[in-house]
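Let's take a walk through this protein together, starting with the chain as a whole and then zooming in on its parts. Have a look at the picture first, then read on.

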Amino acid sequence: MMKVIFYKYATIVVSLVLLMILLALLKIYVQNYKKIKVGFTQGLIIFTVIMIIKTVIMLAGTISTFYIEYSPLFIYSDYILVITLIDTIAMSTLYRITVAD
């Protein structure tokens, strides 16, 4: 039981880090789009907004499992932490590449 609670808290922390990275990317992409109106930048903005929505939904679902043990809408699994970690690594890499330019 303690292992599951640890994974839930870890998922929340990693999700918040991911959300901060995504918001920073969104800010950069919007600033770039204002300077140079290119379709590629629009695609990056849309992609980032979709990832933010996904992250918020997953974060809300994880938090809701503390209050509702068996929710028909969201069932927590340890794999959610792994998926969130992979997303965070991917987005931090994208952030590093974006800021390097």
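In this chain, residues 24 or more positions apart account for 74% of the contacts with a separation of 6 or more, where a contact means heavy atoms within 4.5 Å. Before going further, a word on what you're looking at: this is a predicted model, in which local features need pLDDT of at least 70, side-chain atom pairs count only at pLDDT 80 or more, and totals for chains, interfaces and linings use all residues. Residues are numbered from 1 along each chain as its sequence is written, and side-chain values use heavy atoms, with hydrogens and water left out.

So what is the chain built from? It has 3 helices and 0 strands, giving the pattern α-α-α along the sequence. Helices (H or I, at least four residues) and strands (E, at least two) are DSSP runs, numbered from the N terminus. The C-alpha trace spans about 50 × 25 × 15 Å along its principal axes. Of the 101 residues, 34% are buried; buried means under 20% relative accessible area, exposed means over 50%, and partly exposed is in between (1.4 Å probe, protein chains only).

Now for helix H2, which covers residues 39-64. H2 has 26 residues and reaches 37 Å from its first C-alpha to its last, close to the 38 Å expected at 1.5 Å a residue. That expected span is 1.5 Å times one less than the number of residues. Its buried residues include Leu 44, Ile 45, Met 51 and Ile 52, and the buried residues of H2 pack against H1 and H3. Thr 41 is another residue in H2, and it counts as buried because its relative accessibility is 11%. Leaving aside residues up to four places away in sequence, Thr 41 touches Tyr 29, Asn 32, Tyr 33 and Ile 36.

Helix H3 runs over residues 78-100, and its 23 residues should span 33 Å at 1.5 Å a residue; the end C-alpha atoms are 34 Å apart, which agrees. Among the buried residues of H3 are Ile 80, Leu 81 and Met 91, and what covers the buried residues of H3 includes H1 and H2.

How many salt bridges does the structure hold? There is 1, counting a side-chain nitrogen of Lys or Arg within 4 Å of a carboxyl oxygen of Asp or Glu. The partners are Lys 54 and Asp 87, at 2.3 Å from N to O. Lys 54 lies in H2 and Asp 87 in H3, so the pair ties together parts that are 33 residues apart in sequence. With a relative accessible area of 31%, Lys 54 is partly exposed, whereas Asp 87 is buried at 15%.

A search of the whole structure also turns up 1 aromatic pair. The rings of Phe 6 and Tyr 7 have centres 5.9 Å apart and planes at 55°, so this pair is tilted. Rings of Phe, Tyr and Trp (its six-membered ring) pair if their centres lie within 6.5 Å; planes under 30 degrees apart are stacked, over 60 edge-to-face, and the rest tilted. Phe 6 is exposed at 55% relative accessible area, while Tyr 7 is partly exposed at 22%.
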